[in-house]
Amino acid sequence: MLYGGNVGAATSKIYINGVGCSACYQVRCKNPNLCTKSGTTIVVTDLTQKNQTDFVVTRRAFLSLALPHKGRQLLREGIVDMDYKRIPCAYKGQNLEVKVDESSQYPYYLAVQFLYQGGQTDIVNVDVAQVGSFDWHYMTRSHGAVWVIQSPPRGGLQFRFEVTSGYDGKWLWARKSVLPSEWKSGQTYDSGLQITDIALENCQPCGDHHDAEWTDSP
């Protein structure tokens, strides 16, 4: 379970047509009588169409904003003033996992999601090839964190990813057979990779993420 269930939906400016899916944010409530100063960490997993606030979070995440014994009172507030900043995702000892989406139809249509995407990066390109081959086939983003391909290569499959890193992009290559030759919908497979990179191009200021600026949520 990602961050113990501390997940949330974000508005389009944060979700960015799915590019922002899997990003981690430190969010905090601005009511000092009800909320801690540090707030909590959430993972973006969906898009919200609501415009009252930039995030709609789970009950668990919302309660984790509260001071001791103030959770029930905070719940009664419903919508609170918040600020937030993007931070690196930290999944200690956890490799990036590839989940075969339930919409997949072996062997004609492959849709995958990427789980436990560490660091502070965005996946912007995904290619797939049969293990041992350099005949790469590009995948397209369908929605959110789901990437798809019609008529995928046969046999065991390897992946390579382009992620935002530093002031540019960086390719990561999962050289092993990530998906077996008879992959199954709903199954999750280990990529053997851990992503720890930090994208610096849009950080304000760059450097230690503890010094990053907070953004007010409407």
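**Salt bridges, strands and backbone exceptions**

Colleague: Why is the contact between D127 and R160 called a salt bridge?

Modeller: The side chains of D127 and R160 meet with N and O 2.9 Å apart. A salt bridge is a side-chain nitrogen of Lys or Arg within 4 Å of a carboxyl oxygen of Asp or Glu, so the D127–R160 pair qualifies. D127 belongs to strand β8 and R160 to strand β12, so the pair ties together parts 33 residues apart in sequence. Strands here are DSSP runs of E with at least two residues, helices are runs of H or I with at least four, and both are numbered from the N terminus.

Colleague: What are the ground rules for this model?

Modeller: The model is predicted; local features need pLDDT of at least 70 and side-chain atom pairs 80 or more, while totals for chains, interfaces and linings use all residues. Residues are numbered from 1 along each chain as its sequence is written, and side-chain values use heavy atoms, leaving out hydrogens and water.

Colleague: What makes D127 buried or exposed?

Modeller: Its relative accessibility is 9%, so D127 counts as buried. The class covers values under 20% relative accessible area; over 50% is exposed, and partly exposed lies in between (1.4 Å probe, protein chains only). R160, at 27%, is therefore partly exposed.

Colleague: How many salt bridges does a search of the whole structure find?

Modeller: The search finds 7. One of them joins D122 and R86, with N to O at 3.1 Å. D122 sits in the loop between β7 and β8 (123–130), R86 in strand β5 (residues 82–87), and this pair links distant parts of the chain, 36 residues apart. D122 has 15% relative accessibility and so counts as buried, whereas R86 at 22% is partly exposed. In another salt bridge, K99 pairs with E102, with the closest N and O atoms 3.5 Å apart.

Colleague: Why is β7 described as largely enclosed by the rest of the structure?

Modeller: Of the 7 residues of β7, 6 are buried, so the description follows from that count. β7 also has partner strands. β6 pairs with β7 in the antiparallel sense over 4 bridges, and V98 has F114 in β7 as its bridge partner. β7 pairs with β11, also antiparallel, over 5 bridges; there V112 stands opposite W147 in β11.

Colleague: How do you know that β12 and β13 pair?

Modeller: Two strands pair if DSSP finds at least two bridges between them. β12 and β13 are joined by 8 bridges and run antiparallel, so they meet the rule. T164, for instance, has G169 in β13 as its bridge partner.

Colleague: What makes β9 and β13 the edges of their sheet?

Modeller: The sheet is open, has 4 strands in the order β9-β8-β12-β13, and its pairing is antiparallel. β9 (137–138) and β13 (168–179) each have a single partner strand, so one side of each is left without a neighbour in the sheet.

Colleague: What makes the backbone at I16 stand out?

Modeller: I16 is not a glycine, yet its phi is positive, about 50°. Most residues other than glycine have a negative phi, and most peptide bonds are trans. I16 lies in the loop between α1 (12–15) and β2 (24–29) and, at 42% relative accessibility, counts as partly exposed. S151 also has a positive phi, near 50°. S151 is in the loop between β11 (146–150) and β12 (157–165) and counts as exposed because its relative accessibility is 56%.

Colleague: Which peptide bond is cis?

Modeller: The bond from Y106 to P107 is cis, with omega near -5°. P107 is in the loop between β6 (97–100) and β7 (109–115).

Colleague: Why is the protein called as compact as a globular protein of that length?

Modeller: The secondary structure comes to 3 helices and 15 strands. The radius of gyration is 19 Å, close to the 17 Å that the globule rule gives for 218 residues, so the protein is as compact as a globular protein of that length. The radius is taken over C-alpha atoms, and the rule is 2.2 Å times the number of residues to the power 0.38. The C-alpha trace spans about 60 × 35 × 30 Å along its principal axes.

Colleague: What share of the 218 residues is buried?

Modeller: Buried residues make up 49%. Among contacts (heavy atoms within 4.5 Å) between residues at least 6 apart in sequence, 67% join residues at least 24 apart.
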